[in-house]
Amino acid sequence: MRVLSAILFFCGMVFPQEVTVTASVDSQSVLLGDWIRYSVEVKHPAAVPVTMPAMKDTLGSFDIVQQDSLVRREQDGTVELKKNFIIAKYEPGRFTIQPFAVQYSGTDGKMSTAESNPIPVEIRSVEIDTTQSIRDVKPPMTVPMSAEEIAMYVGIVLAMAGAGYGIYYYVKKRKKTGGRVEEDLKPDIPPHILALMQLDSLEAKRLLQAGEIKAYYSEATEIIRRYFELRYGIMALEMTSAEVMAQLEKFKMEKVTFSDIESLLTGSDLVKFAKYQPVASENEQVIPQARTIIERTKPVNETVSESV
């Protein structure tokens with residue numbers, strides 16, 4: 001018996017679990033209406049691909065108030081993924097935060113699942129003191145802004161400042177030229193050049209590597225839709241994919257190009273709205289496919305100077 005125990009202990013040391021998932025909360029007993037800060041940490045060898053589940057509005061029976069972007073760190077061949085949530089439960093009682101499950105490909109090539117520990121949580125009701133006047137259960141709470149929200153607001157401020165300067169420059173130049181504005185003051189970037197530059201920028205963000213699959217598809221198709229608006233004069237950003245395809249039929253493009261556009265838009269819709277989980281090869285083809293569509297539909301006689 002001792003020999004068998006020693007062998008099992010030795011095997012556990014030599015063949016450690018490939019993927020570990022650990023979950024934690026800041027408190028396991030909170031008042032009704034309080035938020036719970038829930039953190040998940042996944043550790044796995046760099047050679048083992050791991051798929052994180054997509055969480056939108058709920059985490060089991062708990063509502064998701066906010067979730068941060070996935071943070072990835074790698075050291076000595078081990079990858080650490082970390083994601084933080086703010087969750088809430090709006091009824092008293094004893095509940096369990098179910099295990100957080102991730103999928104990974106094992107050494108035998110088969111898909112396996114690793115789960116975190118379940119966490120029991122108590123939601124306490126507020127005791128009513130009938131001798132006191134009626135008041136709010138909890139004071140108003142504000143959701144802390146994430147890095148993405150801060151970046152968005154900074155971008156809006158900069159865009160407004162740029163627009164204001166543009167109007168000022170336009171008016172000033174108009175006065176100098178007696179009501180005329182020279183057309184060559186600010187050369188326009190052709191739509192296909194602008195779209196290709198935006199795709200390069202999207203690729204540099206490495207959203208796929210960070211596990212932000214939905215954001216990756218959303219930004220890629222937004223670039224393509226904006227290109228269609230500038231190229232063909234259709235309101236592609238405001239249309240459904242089917243409406244975009246109906247408008248593009250008017251321009252008599254090649255069947256293979258039309259089919260590629262439909263495939264890209266439909267695939268993106270599945271990821272964004274139907275929680276479809278594409279395989280890695282599908283994800284890697286999105287930007288190359290978008291570039292091919294742009295190259296096939298750009299104006300043939302368009303010439304751009306080297307300075308653009």
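**A sheet, a helix and a buried asparagine**

Strand 4 and strand 10 (residues 101-105) pair in the antiparallel sense over 2 bridges; two strands count as paired if DSSP finds at least two bridges between them. Colleagues, this is a predicted model, in which local features need pLDDT of at least 70 and side-chain atom pairs count only at pLDDT 80 or more, while totals for chains, interfaces and linings use all residues. Residues are numbered from 1 along each chain as its sequence is written, and side-chain values use heavy atoms, leaving out hydrogens and water. Helices (H or I, at least four residues) and strands (E, at least two) are DSSP runs, numbered from the N terminus.

To continue with the sheet: Thr51 has Gln103 in strand 10 as its bridge partner. The open sheet is formed by 3 strands in the order 4-10-11, with antiparallel pairing. Strand 4 (50-51) and strand 11 (111-115) stand at the edges with a single partner strand each, so one side of each has no neighbour in the sheet.

I turn now to helix 8. Which of its residues are buried, that is, under 20% relative accessible area with a 1.4 Å probe, protein chains only? They are Val286, Ile287, Ala290, Ile293, Ile294 and Thr297. Seen down the axis of helix 8, these fall within an arc of 120° (taken from the directions from the axis to the C-beta atoms), so they line one face of the helix. They pack against helix 3 (191-205), helix 4 (213-232), helix 6 (255-273) and helix 7 (280-284).

Finally, Asn283 lies in helix 7. Asn283 counts as buried, at 7% relative accessibility.

Technical notes
Buried < 20%, exposed > 50% of the residue type's maximum accessible area, 1.4 Å probe, protein only. Contact = heavy atoms within 4.5 Å.
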